[in-house]
Amino acid sequence: MIKAAFLDRDGVVNIDKGYVYKIEDFQFIKGIFDLCRLFQDRQYKIVIISNQSGIARGYYTIDQLEELTVWIRNRFEDQGVFISRFYFCPHHPTKGIGRLKKECDCRKPNPGMILRAQKELQLNLGESLLVGNQLSDIDAGKNAGIGRKYLIGPKDKFKSKPANCDVFENLIELKDFLTRA
Ligand SMILES: [Zn+2]
């Protein structure tokens, strides 16, 4: 049985400055490496899933995103963390240019990226977990049948806590919780 920890990128791995595609704008969030090492110690594969409508909007290219992704992968490896897969959705239903303007199945809250990972890595999604900072992340996890879902952010940001989801102020709180669990 193979399980994964799915992480959103902007707002979970790095500070969400809006459409980040340059290395110089990419700032890791405190606690992300410790959290990932805990997941690895517990035999989770680590998968990053990210809506990147900046591509649909023409703010940056797939090549630019991939260059950043290689750099991110290397920074994780410097910290002893192996990222099994990165998936991103380059579409947007209304703001996209050309063929990237579409209703796709990969843009969260749709489960497409998670289901693709499931097939490629033979994952058991019921045993997997997801960390996100938006309700659309949590809904994608729910729509894919992921067992445990964790929402990161100020408690007052979320008017009502989604079902079957725990909310933590930050990654350090989440890691402390999981260490005790
Ligand atoms: Zn998509």
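Modeller: This is a predicted model, in which local features need pLDDT of at least 70, side-chain atom pairs count only at pLDDT 80 or more, and totals for chains, interfaces and linings use all residues. Residues are numbered from 1 along each chain as its sequence is written.

Biologist: Which residues of helix 4 are buried?

Modeller: A residue is buried if 20 or more other C-beta atoms, placed from the backbone, lie within 10 Å of its own, exposed if 12 or fewer, and partly exposed in between. Helices are DSSP runs of H or I, at least four residues, and strands are E runs of at least two, numbered from the N terminus. In helix 4 (residues 112-121), M113, I114, A117 and Q118 are buried.

Biologist: Why do the buried residues line one face of helix 4?

Modeller: An α-helix has 3.6 residues a turn, so residues three or four places apart point the same way. Down the axis of helix 4, the buried residues fall within an arc of 145° (taken over directions from the axis to the C-beta atoms), so they line one face. The face turned away from the buried side carries exposed K119 and E120.

Biologist: What covers the buried residues of helix 4?

Modeller: Contact requires C-beta atoms, placed from the backbone, within 7 Å. The cover includes strand 1 (3-8), strand 2 (44-51), strand 3 (83-89) and helix 5 (135-144).

Biologist: Which residues does I114 touch?

Modeller: Not counting residues up to four places away in sequence, I114 touches F6, I49, L125, A140, A144 and I146.

Key: Contact = placed C-beta atoms within 7 Å.
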